[in-house]
Amino acid sequence: MITLDLRLQVPDMTWGKAILEGSFMTVSYASTTGFAISDNSTWPMFSGFLLLLVGFICGCAGSTTGGVKADRVLVLVKAIGRQIRASIHPSSIGGIKMGKRLLRDEDVYPHILYLSIFILFALVSIVLSYIAGAKDLDAVCGTISSLCNVGPSIGERIGSLGNYNSQPTAMKLIFSLDMFLGRVEIYPVLAVVSMIFRRKGRV
């Protein structure tokens with residue numbers, strides 16, 4: 001889709017260059033390696049959005065990539081479909097299957113909860129970034145790229161050939177915290193914070 005968009009929307013873009021840039025940048029953002037061979041600030045908006053979406057999802061569970069992981073997104077989509085079917089046919093009995101495995105509600109719940117917490121942290125970070133002086137969509141794009149550990153984002157300032165040096169100090173701190181949360185994942189951080197508060201309560 002990125003290749004087609006680049007070929008059709010960017011002047012003087014050949015099929016070979018569109019395939020090379022589209023596939024390389026997609027793999028780079030999905031694998032969170034941070035490499036770039038093209039300035040995505042010159043890309044059409046649709047391609048930039050798809051690249052950010054790839055960075056949001058990244059790889060699968062068990063991989064070293066960041067993001068919310070494709071498995072969780074798939075579980076969410078199947079859970080939504082199951083709920084819609086249950087609304088249409090209340091008496092029906094159905095579950096969520098991942099491959100040959102039938103997931104129980106207690107298996108699905110942690111993934112849905114993680115996605116909710118992830119989005120909540122992202123919204124808080126975006127609001128704080130705008131308060132800190134973010135310009136245009138830097139707060140949204142920078143937050144997603146930082147939380148998902150992609151590295152480069154999209155746009156002229158923090159895109160594939162840009163960097164975060166021009167951002168206010170407060171935004172750099174916010175993005176650094178986002179990167180930490182995204183790297184170790186949110187559950188372990190919340191577990192440590194919970195243990196600290198429990199110990200203080202006992203004292």
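Predicted model: local features only at pLDDT ≥ 70, side-chain atom pairs only at ≥ 80, totals over all residues.
User: What distance separates the end C-alpha atoms of helix α2?

Analyst: Helix α2 covers residues 15–31, which is 17 residues.

User: Which helices do the buried residues of α2 pack against?

Analyst: The buried residues of α2 are Ala18, Glu21, Gly22, Met25, Ser28 and Tyr29. Viewed down the helix axis they fall within an arc of 140°, so they line one face of α2. Their packing partners are α1 (2–9) and α3 (45–57).

User: Is Glu21, the salt-bridge partner of Lys17, buried or exposed?

Analyst: The side chains of Lys17 and Glu21 meet at 3.9 Å, N to O. The two residues are four apart in helix α2, so about one helical turn separates them. Lys17 has 42% relative accessibility and counts as partly exposed. Glu21 has a relative accessible area of 7%, and the cut-off for burial is under 20%, so Glu21 is buried.

User: How many residues apart are Arg82 and Asp105?

Analyst: A salt bridge joins their side chains at 2.8 Å, N to O. This pair links distant parts of the chain, with Arg82 in helix α4 (residues 70–88) and Asp105 in helix α5 (residues 105–131). The separation is 23 residues.

User: Where does Arg157, the partner of Asp138, lie?

Analyst: The closest N and O atoms of Asp138 and Arg157 are 2.6 Å apart. Asp138 belongs to helix α6 (residues 138–147), 19 residues from its partner. Arg157 lies in the loop between α6 and α7 (169–184).

Definitions and conventions:
Residues numbered from 1 in each chain as written. Heavy atoms only, no water. Expected span 1.5 Å × (residues − 1). Buried < 20%, exposed > 50% of the residue type's maximum accessible area, 1.4 Å probe, protein only. Arc of directions from axis to C-beta. Contact = heavy atoms within 4.5 Å. Salt bridge = Lys/Arg side-chain N within 4 Å of Asp/Glu carboxyl O.
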